[in-house]
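Student: I have a model open and want to learn how to read it. Where do we start?

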Protein chains: 2
Amino acid sequence: MCAGDDRTCPEFEQHRRELMSALGAERRAFLKSSFVATGGAAALGAMGSSLVTPALAQASTARAPGTRSHYYLPATDETVHWGYFSKNLKPQVEIDSGDHVTIEALTHHAGDDMELMVNGDPGAESVFRWTKDGKGVDRRGAGPMDASLFGRGAGEGLGVHICTGPVYVRGAEPGDVLEVRILDVAPRATANPDHPGKAFGSNAAAWWGFHFKDLITEPKEREVITIYEIDATGERSWAKAVYNYRWTPQTDPYGVVHPIIDYPGVPVDHSTIEKHMDVLKGVRIPIRPHFGVIGLAPKEADMVDSIPPSYTGGNIDNWRIGKGATMYYPVAVEGGLLSVGDPHASQGDSELCGTAIECSLTGTFQIILHKRGDLGGTPLEALDYPMLETQTEWLVHGFSYANYLAELGEAAQSDIYGKSSVDLALRDAFRKMRHFLMTTRGLTEDEAISLMTVGVDFGVTQVVDGNWGVHATIRKDIFAGMES
Amino acid sequence: MCAGDDRTCPEFEQHRRELMSALGAERRAFLKSSFVATGGAAALGAMGSSLVTPALAQASTARAPGTRSHYYLPATDETVHWGYFSKNLKPQVEIDSGDHVTIEALTHHAGDDMELMVNGDPGAESVFRWTKDGKGVDRRGAGPMDASLFGRGAGEGLGVHICTGPVYVRGAEPGDVLEVRILDVAPRATANPDHPGKAFGSNAAAWWGFHFKDLITEPKEREVITIYEIDATGERSWAKAVYNYRWTPQTDPYGVVHPIIDYPGVPVDHSTIEKHMDVLKGVRIPIRPHFGVIGLAPKEADMVDSIPPSYTGGNIDNWRIGKGATMYYPVAVEGGLLSVGDPHASQGDSELCGTAIECSLTGTFQIILHKRGDLGGTPLEALDYPMLETQTEWLVHGFSYANYLAELGEAAQSDIYGKSSVDLALRDAFRKMRHFLMTTRGLTEDEAISLMTVGVDFGVTQVVDGNWGVHATIRKDIFAGMES
């Protein structure tokens with residue numbers, strides 16, 4: 001029987017409804033514990049402190065159709081693009097401003113334990129399918145299809161995230177702003193019958209991690225996978241480690257050997273690894289479900305590696321981009337072309353070792369289009385960077401290069417990996433927060449600089465995504481006394 | 001009449017009691033609003049999750065005298081050292097382990113508005129006294145007394161903080177650990193009769209700020225002072241800006257012109273500046289009272305610039321070092337020689353423009369000595385960096401150079417200003433957190449790295465103190481399920 005994600009099934013509609021109903025109950029239960037921490041549903045209502053002014057909300061509402069639709073976008077081999085953004089991708093769904101979309105996102109690290117994260121799950125199986133005769137999704141990364149660069153595989157793994165989409169927003173044009181409200185985030189329960197009500201995720205301490213050249217115990221420069229268990233029923237607000245293992249050279253179904261983690265979706269042969277059970281015994285990792293990747297298609301190139309974040313968002317890897325949060329993105333191409341991927345069960349600021357707890361999630365979003373012509377005089381005017389709003393805070397995201405595709409020239413997509421620093425990302429976050437305060441609050445530069453010194457916190461978002469990130473956080477209630 | 005801080009007054013004891021009583025009421029009222037945020041008094045009680053194990057607490061208590069004393073250390077020209085640490089300083093007070101000390105700390109930026117922050121306050125007046133005939137405190141900084149380097153003044157301003165102390169802890173020896181519990185922090189009310197119940201602070205956007213070479217409005221490379229008002233009575237949990245002005249060349253009482261902010265305590269002549277009122281109108285800066293500087297004397301040099309933080313603490317500039325927090329420092333010299341200074345009413349992570357809201361505060365501390373011989377097998381064994389514990393979190397402080405005095409050689413105190421980066425500080429924070437997790441929780445390196453990636457947040461402490469800082473924060477309840 002189809003599980004509600006096989007559109008060729010004659011009873012697909014009925015199965016889909018059953019799936020949705022089951023998912024809904026699971027979601028509601030799961031997320032109650034992280035509700036307050038991530039901002040809550042109040043972001044949906046009209047708030048005086050939203051970046052969307054009442055006048056802009058009215059204008060944008062007036063442009064949207066009177067009725068709203070709710071779309072469901074499953075993750076299958078047909079609905080995902082793996083490891084890249086592209087303005088040339090065929091949309092998976094077309095929506096109007098104000099519509100809701102539920103989007104399944106699969107972790108690209110599910111191959112680290114196929115039994116727990118892929119097998120028995122039709123959507124994941126279709127995406128991860130890889131035999132000597134073919135792959136469910138051949139291209140993985142923005143590199144050449146003939147693997148002529150490194151011989152790793154189609155796309156060369158230059159970009160790693162399984163992205164579901166894109167979603168085409170009718171009427172969206174360059175210069176507009178897309179508001180993406182994250183209404184709900186739920187873990188994808190494992191299909192493994194031995195673990196009912198559980199989800200699983202993988203943390204890879206990999207060669208691109210900040211720690212990698214700085215290990216103190218032998219063998220040096222090892223890669224380590226740690227598998228975590230998440231409660232998909234909502235009774236437990238923390239994840240726990242299940243086991244870990246050192247990466248060993250893995251031979252993929254095409255016969256290519258991967259001595260390191262250099263290509264996404266390689267199924268790890270568990271007969272080649274040694275599992276260490278009882279790791280991190282008693283340690284409870286607070287759950288912070290979020291999407292590492294939510295982004296629009298950039299205009300600068302046809303094929304864009306999914307790893308470095310940029311002005312249209314993408315792989316920002318800020319754990320605050322979860323339930324109750326709202327993101328604002330500048331639209332760079334017609335339709336916006338929104339994709340979602342890199343789901344995380346939890347992550348700390350810095351994502352030190354290279355990945356989070358990479359765990360498949362399903363998100364429900366409301367997407368609202370704000371037209372350029374309506375933005376004048378509002379806080380979203382001329383927004384040219386991805387911005388995060390929670391119930392209590394605004395955050396800007398600084399990167400080593402704000403728009404590396406435009407700044408670094410033709411070789412941008414390779415050069416970015418050698419040019420990043422936290423210092424540069426801090427400088428960009430400083431400039432963006434200054435811009436935000438001066439333009440949205442009418443402050444002088446002197447006022448903005450004093451305020452951001454005594455009332456804004458700068459944190460390390462990630463140091464593992466090519467284009468490193470620093471975020472700056474300001475509390476909304478700082479402005480509670482302003483006339484506005 | 002003496003205000004309780006002139007020990008030559010015949011009625012000093014009576015006046016002191018009155019002052020203490022008044023301060024006590026003020027403190028209790030003021031801090032109630034920030035009580036929860038900064039950790040609360042629970043840190044005083046025995047906690048299972050403290051870094052001090054029950055056995056260690058018992059051993060350290062057994063070594064201390066049966067009765068505890070409470071000392072009061074006012075800030076006067078006789079009790080402060082300005083701009084440096086030194087193992088050769090004469091102690092201002094000798095205490096036993098377990099004793100309480102209330103320490104007044106004066107901001108070195110009080111000269112930015114003498115009327116609001118110095119005049120009429122006998123302690124501050126004695127410290128800031130500067131006429132053509134002499135200074136209350138001549139040496140300001142670790143530089144030469146004859147100002148032969150730059151001609152700025154005695155000590156050359158190579159180090160800027162007014163430090164009260166040092167406190168000598170009987171029995172403290174190198175290898176021991178000093179636990180400093182911050183029981184209370186209260187703002188120092190202005191003596192200006194026009195502003196009863198208020199305290200004032202200064203934020204200097206200065207030449208050493210991260211923003212300075214990156215201004216977008218004219219005139220470029222300006223320095224700007226913003227004066228903030230703090231409610232000393234406790235009714236208001238936020239600070240507000242009062243006015244700002246651009247720094248103009250200031251001629252000190254000795255006739256030396258200071259075109260930039262290059263020497264601490266220069267009284268600003270307000271007839272030379274233009275005040276801009278109504279700045280940051282309606283903006284409410286959340287109060288985070290804390291001490292930028294709490295540190296022990298390092299062993300590596302006789303005179304140490306107070307600006308760069310190091311292994312014995314000093315100018316860490318983490319706003320979490322406030323009421324309810326506990327700091328742990330490695331003892332480097334006999335007696336420890338603890339000093340307190342650089343009081344802040346608030347600061348954001350990064351201290352971007354160079355200073356916080358620099359505002360005189362009075363702190364009450366309990367200081368507990370843990371002997372090296374008792375530390376074996378406890379989380380404090382071999383602690384060689386300053387560590388912060390709040391009610392809910394542990395934090396390690398990374399610096400670009402963990403011990404720059406030892407690492408950078410003879411020219412360390414000048415070289416450190418050209419060698420810092422956030423990247424280096426992040427690396428140090430990573431290493432210290434790994435050390436903390438492996439030694440105090442018995443984790444393998446692989447476990448520690450995974451945990452600090454998915455459950456530890458790295459933030460930018462400061463990028464303005466020569467030796468830049470990144471802190472790593474881990475929640476205590478992550479270990480709630482551990483047997484320990």
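The dialogue below goes through symmetry, the chain interface, the domains and some backbone details.

Tutor: One caution before the rest: this is a predicted model. Now take the symmetry.

Student: Which rotation superposes chain A on chain B?

Tutor: Start with the general idea. Two copies of a chain are related by a rotation about an axis and a shift along it. Here the rotation is 180 degrees, the shift along the axis is 0.0 Å, and the RMSD is 0.0 Å. The two copies are therefore related as by a two-fold rotation axis.

Student: Which residue of chain A comes closest to the rotation axis?

Tutor: Gly459(A) does. Its C-alpha lies 2.0 Å from the axis.

Student: Do the copies meet through the same surface or through different ones?

Tutor: The same surface. Of the interface residues of chain A, 100% are also interface residues in chain B, so the copies meet through the same surface.

Student: How is the size of an interface given?

Tutor: Often as the accessible area lost when the parts come together. Between chain A and chain B, about 5500 Å² is buried. Carbon and sulfur atoms give 58% of that area. In residue terms, 70 residues of chain A are in contact with 70 residues of chain B.

Student: How many salt bridges does the rule find across the interface of chain A and chain B?

Tutor: It finds 10. One pair to display is Asp214(A) with Arg427(B), a salt bridge whose closest N and O atoms are 2.9 Å apart. Polar contacts are counted too: 41 residue pairs between chain A and chain B, both residues at pLDDT 80 or more.

Student: Which elements of chain A give two or more residues to the side that touches chain B?

Tutor: Among them are strand E10 (198–205), strand E11 (224–231) and strand E12 (238–246) of chain A. Helix H8 (422–441), helix H9 (445–454) and strand E26 (456–462) of chain A also belong to that set. H9(A) gives the most, with nine residues. By type, the side of chain A that touches chain B has 34 nonpolar, 17 polar and 19 charged residues.

Student: Now look inside one chain. What are the domains of chain A?

Tutor: Domain 1 covers 1–53 + 65–370, and domain 2 covers 392–484. In chain A, 31 residues of domain 1 are in contact with 24 residues of domain 2. The area buried between these domains of chain A is about 2200 Å², with 59% from carbon and sulfur atoms.

Student: What polar pairing does the rule find across that domain interface of chain A?

Tutor: There are 12 residue pairs in polar contact, both at pLDDT 80 or more. The rule finds zero salt bridges there. The side of domain 1 of chain A that touches domain 2 holds 16 nonpolar, nine polar and six charged residues.

Student: What is the general rule for phi and for peptide bonds?

Tutor: Most residues other than glycine have a negative phi, and most peptide bonds are trans. Now the cases here. A cis peptide bond joins Gly165(A) and Pro166(A), with omega about 10 degrees. Pro166(A) sits in strand E8 (residues 162–169) of chain A. In chain B, the bond from Glu218(B) to Pro219(B) is cis, with omega near -10 degrees. Pro219(B) lies in the loop between strand E10 (198–205) and strand E11 (224–231) of chain B.

Student: Where is Ser350(A)?

Tutor: In the loop between strand E21 (336–346) and strand E22 (357–358) of chain A. Ser350(A) is not a glycine, yet its phi is positive, about 120 degrees.

Definitions and conventions
Residues numbered from 1 in each chain as written. Chains lettered and ligands numbered in written order. Predicted model: local features only at pLDDT ≥ 70, side-chain atom pairs only at ≥ 80, totals over all residues. Heavy atoms only, no water. Least-squares fit on C-alpha atoms with pLDDT ≥ 70 in both. Contact = heavy atoms within 4.5 Å. Domains from an automatic or database assignment. Buried area = accessible area lost by both parts, 1.4 Å probe. Salt bridge = Lys/Arg side-chain N within 4 Å of Asp/Glu carboxyl O. Polar contact = N/O pair within 3.5 Å; in protein donor to acceptor, adjacent residues only side chain to side chain. Nonpolar A, V, L, I, M, F, W, Y, C, P; charged D, E, K, R; others polar. Helix = DSSP H or I, 4+ residues; strand = E, 2+ residues; numbered from the N terminus.
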